[in-house]
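Reader: Before I set anything up with this entry, could we go through its geometry together, one point at a time?

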Amino acid sequence: MMGFVTSGWQAIKWNLYKIGRPGRFVLASSLFHNLNGLFEGLTGSPAPGAGAQTVAGHDHSLQGGRPIYRSFVGGFDTGETVGYLLSDAGAVATPISLTDKSPAIRCYINPAINDQLSGPPTLTAKLFVVMTNAGGTSSDFKFVIRNVEGGSNSTTTTETVASGVTSSKWVEISGIPVASGGWQGYDLLAGWTGAGGAVNVTACIMAETSGTVAASTGAKYDSASATTRP
Amino acid sequence: MSVYRWFSELVNEMVEGNQWLDTEVLFRATSQANALYEFIFDKAAPGATSQAIQGHDHTSTQGGRTCARGTVYSGGAGQDQFFKWEPSAATTWYSADNANSSSKQRSGSLFWAYCSGTTTGASSPYTTPVAWLHVRVLKPVPGGAGNKTVSARINNVTLSKYSETKTFTVAAGGSDPVSESLDFVEVPIQPGWNEFDIEYQTDKDSPVVYTTHICLMEAADEDGCYESSTGVSPLGGV
């Protein structure tokens, strides 16, 4: 018998079958159609017995599936060697870029993780910063990462350094915008409230995290209580 | 007109040869098909106005075999100094940057990486090691007589677990620094941010060791990066 294998999506609704009645052709064919589609969507290969694939396999990017966080997407670590520097005899009340060329960093973000999603999703970074306060008063050092495409900023991370002190530590910056996803450029910005500040950023690790894709439109399935059953 | 989505039990005893399928069987089969659609594609099933099943994301929290993320950290400074190590005493562990200028020492928190796999087991060798670390070191000719044997290990500070220990020799002879690479295949990790340190110790004297490049990788399909598996591919192949 010549096989006729179709795959795709038809609504499989409750009213396609009735209690006490045998299953009808339209239900069976819809089931086969959708199950073949699920096979192709899951595996990226033609359904068993099919000559061609009609449903694109999911890839967790632009071909469907929840976006997967991909962890490290860009950054640098220079260790003992000089990193990104900024110093000024006065205060830098509004954070400014640490480089004269923009962007300072390029990252490749999952194209499906973009500002069209609810939230929108954002990246997180860990920075190793050396903050020197040569001024006569305590100073608040501020760090920001700016997305070049959208021109929007992350949340600001603030560290307070006492007068005459050099403080070195890892700081975290959250809320880094992803704009349209894919290739994105970023600038590092820093500033301080007192006089005589200097910063040296020697490491920056930018990552897609589980928080990046945390927003969900669905309820998590619980097999014990079957809570998703309408 | 409802579109049901439900991961139900589909047992063979529900169907018999040459018999009509009853409503319960069809209900379970159609609910399962709709649930699978939403689980795979993370959007409402055909005909449904909302999504009831959360899409898988290949993590332990939302299902799907855990994916290796490849490189999750990399650092180096080319020909310039990255991390400098010089022990104060023999047979004592020190962080790889303990001889950096003081403001650039990281106090046992050398780098961070956001990981997705889960190492199982209490100590190296672990039951499921899931990350590798490549380290390149530069070894200047040391003072003192005889070769020195330096041990190296990775400390996952977040987990309070160590990798296996590797050793290398800092040769007393010659005139130029010699580089060497080390590959750790038992680096413990957990999902989320992990804090790491690299530690060295010498059997004698105080040789200087520079760490010039490091790269941490979730170990692709090798060495058990997947948290659990039957080893069967979705297509039924090898």
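**Backbone, burial and chain contact**

Author: In this predicted model, Ser160(B) has 8 other C-beta atoms within 10 Å and is therefore exposed. Ser160(B) belongs to the loop between β6 (148-156) and β7 (161-162) of chain B.

Reader: What value does phi take at Ser160(B)?

Author: Ser160(B) is not a glycine, and yet its phi is positive. The angle is about 55 degrees.

Reader: Is Asp205(B) buried, exposed or partly exposed?

Author: Asp205(B) sits in the loop between β10 (192-202) and β11 (209-218) of chain B, and its phi, near 60 degrees, is likewise positive in a residue other than glycine. A residue with 20 or more other C-beta atoms within 10 Å would be buried and one with 12 or fewer exposed. Asp205(B) has 16 such atoms, so the class that applies is partly exposed.

Reader: Is Tyr126(B) buried or exposed?

Author: Tyr126(B) lies in the loop between β4 (111-115) and β5 (131-139) of chain B. Leaving aside residues up to four places away in sequence, Tyr126(B) touches Thr119(B), Thr120(B), Gly121(B), Glu186(B) and Pro188(B). The cut-off for burial is 20 or more other C-beta atoms within 10 Å, and because Tyr126(B) has 21 C-beta neighbours inside that distance, it counts as buried.

Reader: Which element gives the largest share of the side of chain A that touches chain B?

Author: The contact draws 57 residues from chain A and 61 residues from chain B. On the side of chain A, the elements that give two or more residues are α1, β1 (71-77), β5 (122-133), β8 (165-177) and β10 (197-208). The largest share, eight residues, comes from α1(A).

Reader: How are α1(A) and α1(B) oriented relative to each other?

Author: The axes of α1(A), residues 25-43, and α1(B), residues 23-41, come within 10 Å and cross at roughly 30 degrees, in a left-handed crossing. Residues that meet there include Leu31(A) and Leu38(A) from α1(A), and Ala33(B) and Ile40(B) from α1(B); by class, this contact has 12 nonpolar, three polar and no charged residues. Angles under 35 degrees count as roughly parallel, and the two helices are therefore roughly parallel.

How values were computed
Residues are numbered from 1 along each chain as its sequence is written. Chains are lettered from A and ligands numbered from 1 in the order in which they are written. This is a predicted model: local features need pLDDT of at least 70, side-chain atom pairs count only at pLDDT 80 or more; totals for chains, interfaces and linings use all residues. Axes are lines fitted to C-alpha atoms, for helices over the stretch in contact, and angles run from 0 to 180 degrees between N-to-C directions. Helices (H or I, at least four residues) and strands (E, at least two) are DSSP runs, numbered from the N terminus. Angles under 35 degrees count as roughly parallel, over 145 as roughly antiparallel, 65 to 115 as roughly perpendicular and the rest as oblique. A crossing is left-handed if the near helix is turned anticlockwise from the far one by less than a right angle, and right-handed if clockwise. Two residues are in contact if their C-beta atoms, placed from the backbone, lie within 7 Å. Ala, Val, Leu, Ile, Met, Phe, Trp, Tyr, Cys and Pro count as nonpolar, Asp, Glu, Lys and Arg as charged, and the others, Gly among them, as polar.
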